[in-house]
Amino acid sequence: MTTSPPTGEERATPHAAEPDTHVAPPADHADAARTWISFIADMRAWLFLGALVIGFELWARIGFNATFILNPFNLQSIAIFAVAPLLLATGQTFVIISGGIDLSLGFIMGLAAVVAAHVTNIAGQSMSPSMAVVVGICAAILVAGIPGTINGLLVSRLRVPPFIGTLGMFGVARGVAFLLAGGTTVPVRNADFAALGNGRFFNVPYIVIITALFVLVMHYLLSQTKFGQHNYAIGANPQAARRAGINIKSHLLRLYILSAMCAGLAGALYAARFSAGAAQAGEPLLLDSVAAVVIGGASLFGGSGTIFGTVAGAFVIAVIQYGLVFVNVEPFWQFIGVGVVIIISVLIDQAQRRFTGGRQDE
Amino acid sequence: MNSAPQNGAPLLEVRNLSKNFGAVQALRDMSMVVRPGEVVALAGDNGAGKTTLIKAISGVYQPSGGEIFLRGQQVSFATPQEARDKGIETIYQDLALADNLSIGANIFLGREPMKRFLGILPMLDRKKMADAARETMALLDFHVNRMDAPVSNFSGGQRQAVAIGRAVYWDAQILIMDEPTAALGVPEQRKVISLIKQLKAQGRGVIFISHNLQDIFAVSDRIVVLRRGVQAGERKISETTHDEVVKLMVGG
């Protein structure tokens, strides 16, 4: 890039005339192409989402003479559908940016759902129903922190590869969740809990509002704090992070607790929505969470990704799944649709890497 | 050949430094000084003790014997961080940059400045990072128009400048550079040489390890040659030749 002919703007800078003492800026035309490719790569989840919405809208209009996206019921359904995978994917985004992966999130969510159900029932015997709901949700999130802590200790202190450590916790959380649930679903008898899970504020479900606020907080944490900044640095170059004085061990411990607590919140909201806790609540959602992060522009090699990208990724999956049901296609096409989007997304990532050699933060 | 002061009080002085690894003596009775604005090259074959010496100076190794003086005061560093706090910065070949972050974010990695949004919410002060990066890089005559670009966008020599810029921003008085030109093409090597000249002009001390005699002769004031853990010779660059240095390196 430094050997390319200078553009007009480069010639205009006074320092370009002193090649020996001057480290030239990247040529501007290369910069522009790179910016353009990076822009497409960064926005790819939103582009997918737009294309899918337009596609389904046309399909609905032509095939059924109906509207897809302008129907509030559809919007609500898609949003509710996206809540749990999005919460898991939010935690997963942090972990994947750090260069790891958390395979235990699905069953931590199930464990949290069972704990939320049990604790809400038990607490309801000695306090008001609404207090019992608060206690139940807090208990679910705190209990989710336990497997998260173990994951964090395994990865940070014992240097277990995240894939293996969290795979072990996948099994442990699964077993504990089923044991606690007695092998069945745990019904909750608490009207306030059901109201939280199914109620609406100006037609927006409470759980969607809670999820949206939570995602905003996580976006702040990732993009505006030292914790988030260190997360990017560790994902790109752990050696550099350590030499810069970042305590990688304590960072990783906090990171896996954080992702597990995201799954804890997802489990609690699941229990609220169905008035029941089920150990298998998050089973199909783990891979959706990874898919949402990857479609959202993160690289599985670590170092890149954003929360808003993940939001778009989660909605891409939700729109594919709900949209194909809406246009009355056999549900198995969902898997094919999501799979194709993942592959295209990774191809864009590869192309972008080849052109720019990396990605910037935020 | 250079007009920098040569006779000031030493910035760094190493006296009779030794380092043993078990029975192996990697460094024996090594002495050298670095004065402000002076560039000292360390040369020697593989295993001659160059890396051991710089690691002992920068706090990675604890010396087995000998003393280190910084501006006349005796110092000892338990960790590289302590050495860095005292103004001795080591720039390794791999540069230790987070490629996905901007120049500013790399300069401030681990010590990020914060501001308060609306007086309450703490947030990374990206503007301060970008401004500091722009000023620091300008000191090195490195001008870049996109401060938010990740450093992976830059070439090898530019990335070297970022690593040096980080040291300069945190006010390193002595920069130790391990093979700064080894992985670079010829034009990039020239840029790194000019960066070292900038550091010299700012009155900092530079120790640099290189295999490339051309680079050494282009920028150093003195050369210290090591062989098998001992000092094989020390010459002023203006008073020696390639041939003499090579003879010192290989012995005989």
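**Salt bridges and a nonpolar surface patch**

In this predicted model, Asp171(B) and Arg204(B) pair up through their side chains in a salt bridge, at 3.9 Å from N to O. The two sit in distant parts of the chain, 33 residues apart: Asp171(B) is in the loop between α5 and β9 of chain B, and Arg204(B) is in the loop between α6 and β10. Asp171(B) is partly exposed, at 46% relative accessible area, whereas Arg204(B) is buried at 9%.

Chain B also has a salt bridge between Arg222(B) and Glu234(B), with the closest N and O atoms 2.2 Å apart. Arg222(B) belongs to strand β11 and Glu234(B) to strand β12, so this pair ties together parts 12 residues apart in sequence.

Over in chain A, Glu57(A) and Arg61(A) form a salt bridge, their closest N and O atoms lying 3.0 Å apart. Both are in helix α3, four residues apart, which means that about one helical turn separates them. Here Glu57(A) is buried, with 12% relative accessibility, and Arg61(A) is partly exposed at 43%. Over all chains, the salt bridges number 13.

Chain A shows a nonpolar surface patch too, with about 890 Å² of accessible area together; its members include Trp36(A), Met43(A), Leu216(A) and Phe308(A). Helices α2, α3 and α9 each supply at least two of its residues, and α2(A) gives the largest share, with three. Leu216(A), found in helix α9, is partly exposed at 47%.

Definitions and conventions:
Residues are numbered from 1 along each chain as its sequence is written. Chains are lettered from A and ligands numbered from 1 in the order in which they are written. This is a predicted model: local features need pLDDT of at least 70, side-chain atom pairs count only at pLDDT 80 or more; totals for chains, interfaces and linings use all residues. Side-chain values use heavy atoms; hydrogens and water are left out. Patches are made of residues with over 30% relative accessible area and no salt bridge: like charges are joined within 9 Å, nonpolar side chains (Val, Leu, Ile, Met, Phe, Trp, Tyr) within 5 Å. Accessible areas come from the Shrake-Rupley method with a 1.4 Å probe; for residues, only the protein chains shown count as cover. A salt bridge is a side-chain nitrogen of Lys or Arg within 4 Å of a carboxyl oxygen of Asp or Glu. Buried means under 20% relative accessible area, exposed over 50%, partly exposed in between (1.4 Å probe, protein chains only).
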